[in-house]
Amino acid sequence: MKAVQVMSFGTADVLRINDVDRPAPGVGEVLVSVEATSVNGHDVLVRTGELKMMSGRRFPIGTGLDFAGTVVATGTDVAGFRAGDRVWGMVHPRRRHTVAAAAEYVVVSADRISHAPADLASVDAAALVVAGSTALIALRDSVHLTSGERVLVRGAAGGVGTAAVQLAHAMGGHVTALARDRHAELLTDLGADEVLDYGSTTSDRIGPFDVIVDTVGSELHCYRSRLARGGRMVTVGLSPSALAEIAASSLHGSRRIRTFSANPRTPVLRDLAVQVTSGALRPVIDSVYPLADIAAAHRAFERGGVVGKHVVTVPRSSV
């Protein structure tokens, strides 16, 4: 089968599509025929070597976090899934993989998948796994957004940002989206009550907010200062400078900067499916690439300026 692997740390040019043996599911595992995956910041960090502590330094290293596809086979002690089920899921982000989601087949623990929403195409499903679960965990579990609260979504046009705007709106928040002016119409359609141009809007001119969801990871202390009394802030932009600001903010109690690394299991993926089925959440896709052009998808991700996700389709294998 074909699998995308990192052959050395570096630019997108280090990605190779290699022929590897198709894996077999073990106890508690499922084998999924991958139909689509997407590009996430984690993939770039693994490829460049910034996550050596988790990926290791032995090559090849698999790439790709999320996937949508069809169950091909199950190992022993797997309940609730069978061959032919359409599923979505995510490989473990903090373990080393020689083959990950950017491949024709992937083996994962059964508790890392869920049935994909009915009638949702695999391309659309793949766009939502990481972005949607990250936004859901941030708003529901990290900052505990309640109806009527004022919400700022920073980096609102990206994958997590577009999902956060939609879910915050569905949860009853009054949503301010911070993004490029040219994305205002889309973000308003997704549920933003107000869209501010990040190029001309400084943090001292906005707020206060009850909740801030940050996807950028810079100037966190400036935005934390825009929290109202009892406000909460969460960031998923984990740069070295962001980690330092997060640690320093612990002195501020409830107004500290929270963070997490999304690692959704079946219950979160089920909840995400409910949001899709209810109409509260829909995919936003910037572009779609075939697996053969995954390096181009990585380059597009790194250029930035996207609206939603870069999705990679995987051709059906005859193996």
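A salt bridge is a side-chain nitrogen of Lys or Arg sitting within 4 Å of a carboxyl oxygen of Asp or Glu. With that in mind, let's walk through this structure, which is a predicted model. It holds 10 salt bridges. One of them is formed by Arg 265 and Asp 111, whose closest N and O atoms are 2.7 Å apart. Now look at where the two partners sit: Arg 265 is in the loop between β14 and α9 (266-278), while Asp 111 is in the loop between β7 and β8 (113-115), so this pair ties together parts that are 154 residues apart in sequence.

Both partners turn up again in our next stop, the second largest pocket. Its lining includes Asp 111 and Arg 265, and also Glu 29, Val 91, His 92, Arg 95, His 97, Val 107, Val 108, Ser 109 and Arg 112. About 170 Å³ of space lies in there. Which strand gives the most to this lining? That would be β7 (residues 105-109), with three residues. Sort the lining of this second largest pocket by class and you get five charged residues, three polar ones and three nonpolar ones.

Searching the whole structure turns up three cavities of 30 Å³ or more. The largest cavity has about 120 Å³ of space. Its lining is made of 15 residues, and the ones nearest its centre are His 42, Val 46, Gly 62, Arg 95 and His 97. The largest share comes from α1, with three residues. As for class, six of the lining residues of the largest cavity are nonpolar, six are polar and three are charged.

The second largest cavity has about 40 Å³ of space. Around it you'll find Ala 127, Leu 128, Ala 131, Gly 159, Thr 162, Ala 163, Gln 166, Arg 282, Val 284, Gly 308 and Lys 309. Helix α5 (residues 159-170) gives the most to this lining, namely four residues. By class, the lining of the second largest cavity splits into five nonpolar, four polar and two charged residues.

Time to step back and find a sheet. Six strands make up an open sheet with parallel pairing, in the order β11-β10-β9-β12-β13-β14. The edges belong to β11 (194-197) and β14 (257-259); each has a single partner strand, so one side of each is left without a neighbour in the sheet. On average, neighbouring strands of this sheet are turned by 20° against each other, ignoring direction.

Let's zoom in on one end of that sheet. Strand β10 (residues 174-179) pairs with β11 in the parallel sense, over four bridges. Here Thr 176 stands opposite Glu 194 in β11.

Most residues other than glycine have a negative phi, and most peptide bonds are trans. Where does this model depart from that pattern? Start with the peptide bonds. Phe 59 and Pro 60 are joined by a cis peptide bond, with omega about 5°, and Pro 60 lies in the loop between α2 (52-55) and β4 (61-62). Gly 207 and Pro 208 are joined by a cis peptide bond too, again with omega about 5°. You'll find Pro 208 in the loop between β11 and β12 (209-214).

Then there's phi. His 144 is not a glycine, yet it has a positive phi of about 55°; look for His 144 in the loop between α4 (129-142) and β9 (150-154). Glu 219, also not a glycine, has a positive phi of about 50°, and Glu 219 lies in the loop between β12 and α7 (220-224).

Definitions and conventions:
Residues numbered from 1 in each chain as written. Predicted model: local features only at pLDDT ≥ 70, side-chain atom pairs only at ≥ 80, totals over all residues. Heavy atoms only, no water. Pairing = 2+ DSSP bridges. Helix = DSSP H or I, 4+ residues; strand = E, 2+ residues; numbered from the N terminus. Axes fitted to C-alpha atoms, helices over the stretch in contact; angles between N-to-C directions. 1 Å grid on protein atoms, 1.4 Å probe; cavity = no way out; pocket = protein on both sides within 12 Å on 5 of 7 lines; lining within 4 Å. Points joined across faces, edges and corners; volume = space filled by probe spheres on them. Nonpolar A, V, L, I, M, F, W, Y, C, P; charged D, E, K, R; others polar.
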